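Here are my notes on this one, written as numbered points. Have the model open while you read, and check each point against it.

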Amino acid sequence: MNKRSVGTGYESLAIMYLRDNGAEIIDTNYRNRSGEIDIIAKDGKYLCFIEVKYRSSDRFGGPEAAVNIAKQRRICRVARYYLYSNGYDLDTPVRYDVLSLSGKDKAITFKWLKNAFDHMR
């Protein structure tokens, strides 16, 4: 299996997890020329831009450690464009989350880090 198909499988699990925990999925794999956002969801009053990360072990740190400053900036750029192009106003409450999945097979652990980072320019 290639990395993209593996990633798609874990993103499907992430979507089910988010729905089970009250989120309304708005869009998935939203792309523009600046990058991609894995999941866009509504959680309460917030429009959430969610990065999904998976690792089979914590040997090199948890999955959330892979969302570095450069990745955060890229997500924020894509999110700004999404908000603008979809007619959201400046008062829309926005949150940047990371959903980490770790483990193997039936022993997957989910960690939803709400407000994992602030908006960056």
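1. A definition before anything else: two strands count as paired if DSSP finds at least two bridges between them. In general, strands of a sheet pair through backbone hydrogen bonds, either parallel or antiparallel. Helices (H or I, at least four residues) and strands (E, at least two) are DSSP runs, numbered from the N terminus. With that in hand, you can find an open sheet of 5 strands here, in the order 1-2-3-4-5 and with mixed pairing. Strand 1 (24-32) and strand 5 each have a single partner strand, so they stand at the edges and one side of each has no neighbour in the sheet.

2. A word on what you're looking at. This is a predicted model, where local features need pLDDT of at least 70 and side-chain atom pairs count only at pLDDT 80 or more, while totals for chains, interfaces and linings use all residues. Residues are numbered from 1 along each chain as its sequence is written, and side-chain values use heavy atoms, with hydrogens and water left out.

3. Now the overall layout. The chain has 2 helices and 5 strands, and from the N terminus on they run α-β-β-β-α-β-β. Of the 121 residues, 39% are buried; buried means under 20% relative accessible area, exposed over 50%, and partly exposed in between (1.4 Å probe, protein chains only).

4. Back to the sheet, at strands 4 and 5. How do these two run? They are antiparallel, with 6 bridges joining them. Across that pairing, Leu 99 stands opposite Trp 112 in strand 5. Helix 2 packs on the sheet and touches strand 1, strand 2 (35-43), strand 3, strand 4 and strand 5; contact means heavy atoms within 4.5 Å. The direction of helix 2 makes about 145° with that of strand 3 (axes are lines fitted to C-alpha atoms, for helices over the stretch in contact, and angles run from 0 to 180 degrees between N-to-C directions).

5. Look at the aromatic rings next. Rings of Phe, Tyr and Trp (its six-membered ring) pair if their centres lie within 6.5 Å; planes under 30 degrees apart are stacked, over 60 edge-to-face, and the rest tilted. By this rule there are 7 aromatic pairs. One of them is edge-to-face because the planes of Phe 49 and Tyr 82 are at 80°, with the ring centres 5.8 Å apart. This pair links distant parts of the chain, 33 residues apart: Phe 49 is in strand 3 (residues 46-55) and Tyr 82 in helix 2 (residues 69-85). Phe 49 is buried at 1% relative accessibility, and Tyr 82 is buried at 4%.

6. Compare that with Tyr 96 and Phe 117, a stacked pair at 5.3 Å centre to centre and 20° between the planes. Tyr 96 belongs to strand 4 (residues 94-102) and Phe 117 to strand 5 (residues 109-117), 21 residues apart. Tyr 96 is buried at 5%, and Phe 117 at 6%. Ring pairs link Tyr 30, Phe 49, Tyr 82, Tyr 88, Tyr 96 and Phe 117 into a cluster.

7. Last, the cysteines. How many disulfides does a search of the whole structure find? The count is 0, where a disulfide is a pair of cysteine sulfur atoms within 2.5 Å. Cys 48 is buried at 0% relative accessibility, and Cys 76 is buried at 0% too.
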